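Let's take a friendly walk through a protein model together. Keep the structure open beside the text and look up each place as we come to it.

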Amino acid sequence: MAKGIHTVATKAFNSFEMAQAQFDKVADVLGLDAATRDLLRVPLREYQFSIPVRMDDGSVKVFRGFRVQHNDARGPSKGGIRFHPQETVDTVRALGMWMTWKCAVVDIPLGGAKGGVICDPHNLSAHEQEQICRGWVRQVARDVGPLADVPAPDVMTTPQHMLWMLDEYEALHAGRHYPGFITGKPVGLGGSLGRTEATGFGLVFTLREALRELGLEAGQTKASVQGFGNVAQYAIRLYRQLGGTVVAVASWDQEDQASYTFRKPSGVDPDELLGITDRFGGIDKKKAEKLGYEQLPGDAWLEQPVDILIPAALENQIRGDNVGRIHASVRIIAEGANGPTTPEADKIIDERGIFLIPDFLANAGGVTCSYFEQVQSNSNYFWEKDEVLAKLDLKMTAAFAAVYELAKRQKLFMRDAAYVIAVNRVAQACRDRGWV
Amino acid sequence: MSLPDGPVDKILEALRERAKELNCLYNVHEIITRPNASLDDICRGLLEVIPRGWQYPAECWARITLEGSVYQPPGSVNTLWVQRAGIVVQGEVVGAIEVYYTRQMPRADEGPFLKEERRLINTIAEWVAHLLMQRRLQTTLRNWSTSDAAAPEPTLRREWWVIIDFLGKTDHQLLTRIGRRMINHLCWNGIEAAQQLLERSAADLRDPNGVWFEDNRPLEKRSEQQLLTLTNDAFRIASEYLSEREIIACIEQWIKDDKSSFLIEAVEDQGTSLTEIAEALGRYHQFAVQDRELSRPVQVGLRVSLTRRLLTDSLAFMNTARHFIEVEDFHDILHHVIAPAASHGKLGGKSAGLLLACQIVRKANEYADALGEIKVPKTWYLTSDGLLNFVAYNHLEDVYNRKYLEVDQIRREYPHIVQVFKHSHFAPEILNGLSAALDDFDDRPLIVRSSSLLEDQTGAAFSGKYKSLFLANQGTKAERLAALTDAIAEVYASVFSPDPIEYRAARGLLDLHEEMGIMIQQVVGTRVGRYFMPAWAGVAFSNNEFRWSARIKRDDGLVRLVPGLGTRAVDRVPDDYPVLIAPGQAGLRVNITPDEIVNYAPKKLDLINLETRQFETVSVADVVREYGRAFPALPHIVSVARDGGMLRPVAFDWNPECDVPVVTFEGLVANTPFIPKMKAILRVLRERTGGPVDIEFASDGRDFYLLQCRPQSFADDATPAPIPRDLPEDRILFSARRYVSNGRVPDITHVVYVDPERYAEIGSLAELRDVGRAVGRLNKILPKRQFILIGPGRWGSRGDVKLGVNVTYSDINNTSMLIEVATHRGNYVPDLSFGTHFFQDLVESSIRYLPLFPDDDSTLQMAFMRSAPNILPDVLPDYRHLQDVLRVMDLPNVTGGLVLRVLMNADLDQAVGVLVRPAGPSAAAETRHVDETRPEDHWRWRLRMAERIAAELNPARFGVKAMYVFGSTKNATAGPGSDIDLLVHLDGRDRVRPDLQLWLEGWSHCLAEVNYLRTGYKSEGLLDVHFVTDADIEQKTSYASKIGAVTDAARPLALGRS
């Protein structure tokens, strides 16, 4: 058996098994037939291959590469390439399946895939990494491409890696240009504008729709945000443009190795805070105080008397042990981070009737923008930022409407509704193509 | 306002005279050194130039008598007013130089002549004599070689006899010395006849009975004739055994050696002052003898003596230096030395190290290509006795005995000492020297550094203990000189500051006198607007003690690189990071993902503000934004973060308004020879000095400058720990044989062990995450820096949590060590992280890292780890369900009082974790951090203070039910910077709590001040107080769990009465 593809005791945690179990639950809700289940439970295609690389010291090292195409019934499959020292095919399978649902929930015409190489870039020089990238492309060039499978950056891969891969792909295709082969490229070399804003703005587009459905006036609402990274910053900006007031922001303080909540009832100004933020996203406490911010413990963001909570930092932030501290005034939780709410907390949130915009809908702005990048690359015509963001608004709004409509109709929790709609769309495509 | 005419005129007159004399000397020198000029021509030339050096040239003429010939201007007439100097060659007067005035002139020092003119004429006579001697030797040598070629067959009286004859007639002493060396030479070559000759000459000294003369009877002086016979005999024997060529080579060599004899005498005689040595070196310099031409023993002897007198006493240093620093080099150095009159001082270790490194690099021809040009900034030196001179000159002798005072008193008095020093004066000769140095430096900024002698003598690293000061060196000459003397006085005062005194006391060096040389160095850099700074600077080490990848070997070295002044690379600064590069593996960087690169990039730089004349720390982004391209070598320093990636600008078209500059040094590494150069420097210095080195360097954007070089010493927690061979098997908890760094981690009381097999078996993601959270909780509860973490795979794994415990740096920041276990899983061994997830944080806070490979060459006592009682359910009841996976062991409890000590030795690539009795106070003193001179004092004092506070506290007034102390004070591990952790159990009356807080705050400030006086550690308060209520205790939340805890329980304190 190849290095890295190992068997562990069956009871051990396995991400692929977990993804399958999750799918099974949704399949039950949808009442999918056995064949459709069999088709969607496992990837359509898997490639596993060796990448020999001549190292800087002259020796040759062989790296293990993967590409898993889970499903492409709705369009070319799409998904990142991970460089991880302990990559396993099961992880890649689970993430590939996840990509299929993610693209389907925002209704973009793409399937799901994932790939990777077992390696740790910390142990590799830039030149060696370049050789791995080029080697990866050489091994799967005939099975990927703008019309088949489109890679993107992921864990420990960067725009630089994407450009090396693109260059190798084009070299293998007689120097013809195929910028749509890969996404995550820098602006000016096939990248899309609006990428920085996409996830934060996308979050607020869905939030705006939720407010409307709940009959709330954005200008009358207050929000509390956990995190002050890229997503949180752009979310705060757009929410303020809608008229809302952010009264608290929680951020990580590297020096104290703790997080703090900064509260300003009159409204947080992201530009003002950005001026006093360090490299780790930490806010200078003394300067914040001078600007009129009150400093509270790290989890105080959760307890604020606001209408909206936006966890946009880490996973597992709203848990069984602290969900009770959410203020009674809270009406909406918009998940900007991945998996910020645990299943136990989900239950309580559902019971209390708090409206939840689940992560994979709320932060789908990123993948939507990747899709736009590919569309622009394929047509070799690049849009202005406004155009990108306007199209993003349309997509997110439509996606939200569909999920919300389903949740209302079928009386489903929003998270389940999002899942159901995604699986349903993929299953339908397979059916329509006559596969099952 | 003007000075009276008289004195000014006189001074001007005198100056004009000196200029004339110098000019004359210059002309004479030029004539004498004309190659191939005949003696006649030279003498005629001299007649012309000599009179110009005298006071009244128009009335002056010269006459030279040489070997019977007389040279004088036509029509000159002898007068009474004459100054005369003999020309003496090898003791024989061969002529004279005379200077005449044609008529009577005003009286001066020597008749109408000045005393300066006496020196002038003497010097000219000496030069002519020297010239003559050279010519004679040349002729003789030429004769030998021609006759040698013409008549290869030796005749009875060989040609080299000519020189013996010559010497016999001219310089007996030289001849006998050479004769003596010939006898020795022959004897050492095992020639019997010579040995007999030696015995025979010795026999002359014996009385007829063959008994040596009584020691206390003076030896009869041997007649000159006897000695000459001996010499002749020696050469007769030589002619039988040695070739003609060899004999000539010997004689030639010995004559040259003999020329350096006066220099040897000067340096060997401990009574000669630096000035005299400088003069001797000057004379030697004039002979233009390359020291390479001397015979080896003489050459080495001279180099060693000079090193000892001028640089340092260190044996190791002399051993290396004698191969590289030539006699001529000392001549250059002495031109930049400032010393008190009759100085016997040295330059000290730092200066010596730099001089040596510089010579080594300069002479490493085989590496010349890689090394390229390496410069050293212009440097002046103030000798070590400058401090003594300064103290004596200002009658500050009292200061010497201050060091025997209690340290808190020293600390209290120290600011006054600084002021007194700053208001004292320097002796005039020092001021003159400094003034000359400033003229040489111009108005470039300077750094005044200490160069301690004690450091070399003892091998103790005083780095950072004494001050180094930056000077903007702007303004008028007087302002600059005042600033310079002020800085030197401050550096002098730092010898008497409490920290070095404590450090010396701890090492038993207090009784030795500290002498300190001063190095005044031009700061490398360029002017950027109102700032002055180098483009980049840093430190580099031969040995990499912080490897972040298994592919990096120890001797791949380590560079800490920053923009601006190197101060931020030398010291660890709390809010910033240097860029780390291993020159041997420059491609393997610590930070790979754009996030890592941005987060751990240097954000600030140190520089000199020429307007405020201050040393300042400013933000890199601000300087780049303000000055853009004017920032030296900017494309080599920064990359740009854009679109989630890092780009190295090809050309500088980026917009500082929106692009964020990130310091990566990618350009420097990729586009310049920096890495090969650094590799070559480290390699050459390691090879030639015989050990790993530690260098400081800087660049102004064009040239590379070496600033400092010394043997790589170790921070106190990073010396290689000796590993005993006879450790009992059952006491060894684990051992490792790969990727080991240096250091020792003493007195670990708790082990947190994540069982790799059990961890792999965990079935739910939530439970896997729980392990990380439980570790984070333990990190807060267990005694700080007294526990270690052992776990599978990669600590801090961010991707797949199954591959390593999911923690962030804040979850592990109190551990003293992080151990990663790589066990076979299926058929592969997982890669370890080498702490890369938070590598730079580990480095900057000295948390040790060790990987274990139990299936290969490491050992880990799995049985003990699994069987020892697990206290997890007691300390963290919430995480009881993890007890199969997460095991917490209270070592003293389960081993009958033993603690774990980890010994790490990178030289052997070996580490062991061994259970030992806790170190007693004396042994502890040895192993502890340097600043903890008497470690037991720190916790005892703290405990006593905690008891006092409790006793003074009125429980009824403040609503206090009980009070506890915990942490380092309770555990007897408190260091000088530790705080006192108090736990106050309140009865829940919130109203009085502010009063209590205020009351305790008073104590806290007061104790902080006392602690500062005792240790020099500043803090805003010494108390860390935690309040708990009944409810907390019931729920065992956070600190309340310390009360009555199973392990590391808080210790109750007796409260005062109401």
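**A loop, a helix and a sheet**

A:Asp107 counts as partly exposed, because it has 17 C-beta neighbours inside 10 Å; a residue is called buried if 20 or more other C-beta atoms lie within 10 Å of its own, exposed if 12 or fewer, and partly exposed in between, with C-beta atoms placed from the backbone. Before we go on, note that this is a predicted model, in which local features need pLDDT of at least 70 and side-chain atom pairs count only at pLDDT 80 or more, while totals for chains, interfaces and linings use all residues. Residues are numbered from 1 along each chain as its sequence is written, and chains are lettered from A and ligands numbered from 1 in the order in which they are written.

Where is A:Asp107? Find the loop between helix 3 (89-105) and strand 4 of chain A; helices (H or I, at least four residues) and strands (E, at least two) are DSSP runs, numbered from the N terminus. Just after helix 3, A:Asp107 takes a positive phi of about 60°, and this residue is not a glycine.

Step back into helix 3 of chain A. Its 17 residues reach 25 Å from the first C-alpha to the last, close to the 24 Å expected at 1.5 Å a residue (the expected span is 1.5 Å times one less than the number of residues). Helix 3 is mostly covered, with 17 of its 17 residues buried.

Strand 2 (residues 60-71) and strand 4 (residues 111-118) of chain A run antiparallel and are joined by 6 bridges. Here A:Arg67 stands opposite A:Gly115 in strand 4.

Now move to chain B. B:Asp442 sits in the loop between helix 18 (428-441) and strand 8 (446-452). B:Asp442 has a positive phi of about 65° although it is not a glycine. Is B:Asp442 buried or exposed? B:Asp442 is exposed, because 10 other C-beta atoms lie within 10 Å.

Our last stop is B:Leu682, in helix 27 (residues 674-689) of chain B. B:Leu682 is buried, because 26 other C-beta atoms lie within 10 Å. Leaving out residues up to four places away in sequence, B:Leu682 touches residues including B:Ala540 and B:Val693; contact means that the C-beta atoms, placed from the backbone, lie within 7 Å.

Definitions and conventions: Pairing = 2+ DSSP bridges. Contact = placed C-beta atoms within 7 Å.
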